[in-house]
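Hello,

Here is the structure I promised to pass on to you. Have a look at it first, and then read on for what turned up in it.

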Amino acid sequence: ETEYNPLQIKINNRKLNNELPLQVKFNINNLSDNIITNYEWDFNYKDGLNIEASESETIKTFAKNGEYIIYCKVIDVNGLSGIDTTTIIAINTAGDT
């Protein structure tokens, strides 16, 4: 019996600025070395799964203060999948809006 482990991935993020609207660049660190064919990004997973991007690298703009749970699911050429989540906190540090 063959045991299939899910793909091991990690979401990387880099803030492109430090105030609202906050722009964040996301990509995936593929720890499994499998060939990824599908990416499913959701930038506000708290409100339920809603796929908002399907590229390996993407930029998201957060216009409002809040805590956002970022979700990404990947699928490789063999149909194996991996999921990771991370949290982004967007705060207006420049004063009231």
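A definition to begin with: two strands count as paired if DSSP finds at least two bridges between them. Strands themselves are DSSP runs (E, at least two residues), and helices are runs of H or I with at least four residues, both numbered from the N terminus. With that in hand, you can find Gly-66 standing opposite Ala-90 in β6.

Two notes on how to read the rest. This is a predicted model, in which local features need pLDDT of at least 70 and side-chain atom pairs count only at pLDDT 80 or more, while totals for chains, interfaces and linings use all residues. Residues are numbered from 1 along each chain as its sequence is written, and side-chain values use heavy atoms, with hydrogens and water left out.

The overall picture

The protein has 0 helices and 6 strands, giving the pattern β-β-β-β-β-β along the sequence. Its C-alpha trace spans about 60 × 25 × 15 Å along the principal axes. Of the 97 residues, 28% are buried, where buried means under 20% relative accessible area, exposed means over 50%, and partly exposed lies in between (1.4 Å probe, protein chains only). Taking contact as heavy atoms within 4.5 Å, 54% of the contacts between residues at least 6 apart in sequence join residues at least 24 apart.

The sheet

Which strands make up the open sheet, and in what order? There are 3 of them, in the order β3-β5-β6, with antiparallel pairing. At the edges are β3 (36–42) and β6 (81–90), each of which pairs on one side only. Neighbouring strands here are turned by 20° against each other on average, direction ignored; the axes behind that angle are lines fitted to C-alpha atoms, and angles run from 0 to 180 degrees between N-to-C directions.

Tyr-68 has Ile-88 of β6 as its bridge partner. The hairpin of β5 and β6 has 4 residues between the strands, and Gly-79 takes a positive phi near 85° there.

Leaving aside neighbours within four places in sequence, the contacts of Tyr-71 include Ile-11, Trp-41, Tyr-45, Leu-49 and Ile-83. Tyr-71 and Trp-41 are 30 residues apart along the chain, yet their C-alpha atoms are separated by 5.8 Å.

The other residue to look at is Thr-58, in strand β4 (residues 57–62). Thr-58 also counts as buried, because its relative accessibility is 10%. Not counting residues up to four places away in sequence, Thr-58 touches Val-24, Lys-25, Phe-26, Trp-41, Phe-43 and Ala-53.

Best wishes
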